[in-house]
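Hi everyone, thanks for making time.

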Amino acid sequence: MLSMIGLIGGLALLIFLTMKGVNILIVGPVSALFVAIMSGMPLFSQLAAGDEANFVTSYMTGFTGFIMSWYLMFLLGAVFGKVMEDSGAADAVAKWFVETLGMKYAVLAIVAACAVLTYGGVSLFVVAFSVYPMAISLFKQANLPRRFIPATLALGSVTFTMTSAGSPEIQNWIPIEFLGTSPWAGWQVSAIVAIFMAVFGYWWLKKMVTKALNRGERFVDRETDPNFDTTRELPNPFLSMIPLLVVLGISFVFHDSLAQSALIVALLGGVITTYFVGKKYSSNFGGAVSAGTLGAIVAIGNTAAVVGFGGVAKNVPAFQTAVDAMTNIPGSPLIGAAIAVSVIAGMTGSSSGGQAIALPLLAPHYMDMGVNPEALHRVVAISSGALDSLPHNGYVVTTIQSICGETHRAAYGAVGAVTVIVPAIGVVIAIVLFSLGLGI
C-alpha cells in the first residue's frame with residue numbers, strides 16, 4: 001500500500017513541480033526519490049542486499065540507457081531542424097501553406113505547415129519555434145484569440161503526424177527494436193486513424209475558436225511578440241521540401257536492413273541535402289549545427305530525466321502490481337497494451353519515455369500471447385501520444401509557456417482536447433479496426 005501511495009504521489013509531485021516551472025532535470029530525480037523512499041528502496045548500492053534494486057542505480061540506468069539508445073537520433077533530428085530553420089527552408093514551406101490557404105483558413109494553414117515539417121522529420125520543438133512567428137502574424141491578421149496558438153501548433157505536430165506509419169519521429173521508431181516491425185507497420189489502420197485525428201481535431205479546435213469569438217475574445221498585441229520577417233529572401237518552397245522527402249525516402253529504403261538505425265542515416269541525409277538546397281540562403285550553417293547540438297542535449301536530457309523516474313518506478317512493488325492488472329484486462333490484448341502504454345506515458349509525461357519503459361516489459365508478454373506485432377506497434381505508438389500530453393509534458397510546457405508566452409489556465413484546455421482526447425479516441429478506433437482484421 002505504501003508503495004502504491006509512493007508511486008501515485010511521485011507522479012503527482014512530478015506534475016505539480018513541473019507546473020510550477022521547476023526544471024525537469026531536478027523534478028525527475030526528486031520525484032523518483034519520493035517513490036523510492038515510500039517503497040522502502042535502498043538509496044545506494046552499498047545499502048542494497050545482493051541484487052536488490054537501489055535508487056541511484058535504477059535512476060541512472062534508466063537515464064543513461066535512454067541516452068545510449070537515442071542520442072544520435074535526437075542529435076541529428078535537432079541539427080536537421082535547426083539547419084532547416086537557418087536556411088529558410090522551414091519558413092519557406094510554412095509560408096507557402098499560409099499563403100496558399102490564406103487568412104480565412106488561418107488555423108488550418110498553421111496546422112498544415114506543422115504537419116508537413118513534423119512528418120518530414122523536423123524536431124517537434126523546432127517546428128513550434130519555427131512556425132510560431134507566422135502563427136502570431138496570421139492570428140493577428142485574422143483577429144483570433146492568441147491563446148489557441150499552442151493548440152494549433154500541437155495539433156499539427158504531436159497528433160496525427162507524430163505517431164503515424166512512416167513518420168520519422170522517434171515515437172514511431174521505438175517499437176521496431178522490440179517488435180521487429182517497420183516504421184510502416186499497420187499503415188492501413190494508421191492512415192484511417194490519422195485522417196480521423198486531423199479532421200476531428202481541426203473541427204473541434206475551430207469550434208472552440210468560434211465559441212471564443214462569439215464571447216467577444218479577440219487577438220491582443222504584446223510588446224514581446226516576434227515579427228515574421230517578410231523581407232527575408234527564402235528558397236523555393238518546393239525545393240525546400242526535398243530534404244523532408246529525402247528523410248522519408250532513406251528511412252523507407254533502409255528500415256529493413258538497419259531497423260531504427262535507418263533513422264540516423266535518413267536524418268544525416270536530410271542535413272546534407274538541406275545544406276545544398278539552402279546554402280545560398282543560410283546565415284550561419286555552422287552556428288545552426290551548434291545550436292541544434294545544444295538543443296539535442298537539452299531535449300534528450302529532459303526526456304532521460306523522466307525515463308530515470310520510470311526506471312525507479314518500475315522497480316517498486318506497486319509498479320508490477322499495476323502492470324499485472326493492465327496486462328490482464330479482459331478482452332483484446334491490444335486494449336491492455338494501449339492502457340499500459342498510455343498510463344506509463346502519462347506518468348512520465350513523455351511518449352518516447354513511456355514507450356522506452358513499457359515495451360521491454362510488455363512486448364515479450366504480448367508477443368508470447370501471439371499478438372500481431374504490426375497491430376501492437378501501431379496501437380503502442382498511437383496510445384503513447386495521448387496521456388503523455390498531460391500538463392507536465394515537456395513539449396506542452398515549452399510550447400505554452402516558453403514559446404507562446406501563455407498560461408496553462410488559458411491555453412491548456414484546447415491543447416488537452418486535441419492532444420489527449422483526440423488521440424485517445426484514435427486509439428479506440430485503431431483497436432476496433434485491428435480487431436476486425438484490417439491491416440493484419
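So, which residues of H4 are buried? They're Ala89, Ala90, Asp91, Ala92, Val93, Ala94, Phe97 and Val98. Keep in mind that what you're looking at is a predicted model. H4 itself covers residues 89–101, so 13 residues. From first C-alpha to last, H4 reaches 19 Å, close to the 18 Å you'd expect at 1.5 Å a residue. Step just past the end of H4 and you land on Gly102, which takes a positive phi of about 85°.

There's another positive phi to show you, and this one is in a residue other than glycine: Asn143, with phi near 60°. Where is Asn143 found? Look at the loop between helix H6, residues 124–142, and H7. Asn143 is partly exposed there, at a relative accessible area of 32%.

That brings us to H7, residues 149–157, and its packing against H19, residues 408–435. The crossing of H7 past H19 is right-handed.

And who's touching whom? On the H7 side we have Pro150, Ala151, Ala154 and Leu155, and they meet Ala411, Ala414, Val415, Val418 and Thr419 of H19. Sort the residues of that contact by type and you get 8 nonpolar, 1 polar and no charged.

Okay, that's my tour.

Note on methods. Residues are numbered from 1 along each chain as its sequence is written. This is a predicted model: local features need pLDDT of at least 70, side-chain atom pairs count only at pLDDT 80 or more; totals for chains, interfaces and linings use all residues. Side-chain values use heavy atoms; hydrogens and water are left out. Helices (H or I, at least four residues) and strands (E, at least two) are DSSP runs, numbered from the N terminus. The expected span of a helix is 1.5 Å times one less than its number of residues. Buried means under 20% relative accessible area, exposed over 50%, partly exposed in between (1.4 Å probe, protein chains only). Axes are lines fitted to C-alpha atoms, for helices over the stretch in contact, and angles run from 0 to 180 degrees between N-to-C directions. A crossing is left-handed if the near helix is turned anticlockwise from the far one by less than a right angle, and right-handed if clockwise. Contact means heavy atoms within 4.5 Å. Ala, Val, Leu, Ile, Met, Phe, Trp, Tyr, Cys and Pro count as nonpolar, Asp, Glu, Lys and Arg as charged, and the others, Gly among them, as polar.
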